[in-house]
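Subject: Structure for you to look at

Hello,

I am passing on a structure that you have not worked with before. Please open it and keep it beside this message while you read the notes below.

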Amino acid sequence: MVSKNPQKSREREARRSSSSRPEGETPELDIRIVDVTRVAKVIQGGRRFAFRALIVVGDNNGRVGVGLGKARAVQDAIRKATERARASMQRVEIIGTTIPHEVIQKYGSARVMLKPASPGTGVIAGGGVRAVLEAAGVKDVLTKSLGSPSKLNTTFATFEGLCSLKNINEEAKRRGKSVAEIQPFWRRGNVSNDN
């Protein structure tokens, strides 16, 4: 429906955009809805239906969180999941545009392999894995889902895999090697620290 008074519609739009971010709030986070599913609890006399939402929140600069929320209404489930994702945000190790080393992470019956890739490769992933990696700010990575194709388990496996990544400087010190020796081959000539 087109508004008859363009002045009122402009004022309404201005109010909506100004109310979307309160004073003093941090810059906007990248919020991605991975999955919204209807779930049922069997009770005496039938089933009680609710909704389950899986949300990924990140700042596209090395911080990411995953949240799960359940409620009788979709919007309430999304709100709960977003709050939990913001509360669970973790810093992840990123070197340039990729991850520092290969990792295979298991969560439930899902296994996810994350492998560093040379610049320009892009995010070779799908579903929840892509959402977590892009929200974290990873731009070049190869992935493979090795176990269950469950969106819930692969998303949490990717999140835990990113959280388990080691800092390249600390790992070099632990192994007694230089940073250049343990970097991926395409970064060996480029020894600067991108922390």
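This is a predicted model: local features need pLDDT of at least 70, side-chain atom pairs count only at pLDDT 80 or more; totals for chains, interfaces and linings use all residues.

How many residues apart are Glu 171 and Arg 174 in helix α5? They are three residues apart, which means that about one helical turn separates them. Their side chains meet in a salt bridge, with 2.6 Å from N to O.

The chain as a whole

The protein chain has 195 residues, and 36% of them count as buried. Its secondary structure consists of six helices and eight strands. Read from the N terminus, the order of these elements is α-β-β-β-α-β-β-β-β-α-β-α-α-α. Among contacts in the chain with a separation of 6 or more, 55% are between residues 24 or more positions apart. The chain exposes about 11,800 Å², and 49% of that area is supplied by carbon and sulfur atoms.

Salt bridges

The count of salt bridges comes to eight. The pair of Glu 171 and Arg 174, described above, is one of them. Another joins Glu 134 and Arg 32, whose closest N and O atoms are 2.9 Å apart. This pair links distant parts of the chain, since Glu 134 is in helix α3 (residues 127-136) and Arg 32 is in strand β1 (residues 30-43), 102 residues apart. Both ends are partly exposed: Glu 134 has 23% relative accessibility, and Arg 32 has a relative accessible area of 25%.

A further salt bridge is formed by the side chains of Arg 79 and Glu 83, at 3.5 Å from N to O. These two residues are four apart in helix α2 (residues 74-87), so about one helical turn lies between them. Arg 79 is partly exposed, with a relative accessible area of 41%, and Glu 83 is also partly exposed, with 47%.

The second largest pocket

What is the volume of the second largest pocket? The value is about 180 Å³. The lining is made up of 11 residues, and those nearest the centre of the pocket are Pro 100, His 101, Glu 171, Arg 175 and Ile 182. Helix α5 (residues 168-175) gives the most to the lining, with three residues. By type, the lining divides into five nonpolar, two polar and four charged residues.

Gln 105 is placed in strand β5 (residues 103-107). Is Gln 105 buried or exposed? With a relative accessible area of 18%, Gln 105 is buried, because that value is under 20%. Apart from neighbours within four places in sequence, Gln 105 is in contact with Ala 110, Arg 111, Val 112, Ala 157, Glu 160, Gly 161 and Ser 164.

Lys 151 lies in helix α4 (residues 151-163) and is partly exposed, with a relative accessible area of 41%. Which residues is Lys 151 in contact with, leaving aside its neighbours within four places in sequence? They are Val 34, Asp 35 and Leu 54. Lys 151 and Val 129 are 22 residues apart in sequence, and their C-alpha atoms are 8.4 Å apart in space.

Asn 60 is not a glycine, yet it has a positive phi of about 60°. Asn 60 is found in the loop between β2 (46-58) and β3 (63-71). At 37% relative accessibility, Asn 60 counts as partly exposed.

Regards

Notes. Residues are numbered from 1 along each chain as its sequence is written. Side-chain values use heavy atoms; hydrogens and water are left out. On a 1 Å grid over the protein atoms alone, a cavity is a set of points where a 1.4 Å probe fits but cannot get out, and a pocket is an open set with protein on both sides within 12 Å along at least five of seven lines; lining residues have an atom within 4 Å of a point. Grid points are joined across faces, edges and corners, and a volume is the space filled by probe spheres set on the points. Ala, Val, Leu, Ile, Met, Phe, Trp, Tyr, Cys and Pro count as nonpolar, Asp, Glu, Lys and Arg as charged, and the others, Gly among them, as polar. Buried means under 20% relative accessible area, exposed over 50%, partly exposed in between (1.4 Å probe, protein chains only). Contact means heavy atoms within 4.5 Å. Accessible areas come from the Shrake-Rupley method with a 1.4 Å probe; for residues, only the protein chains shown count as cover. A salt bridge is a side-chain nitrogen of Lys or Arg within 4 Å of a carboxyl oxygen of Asp or Glu.
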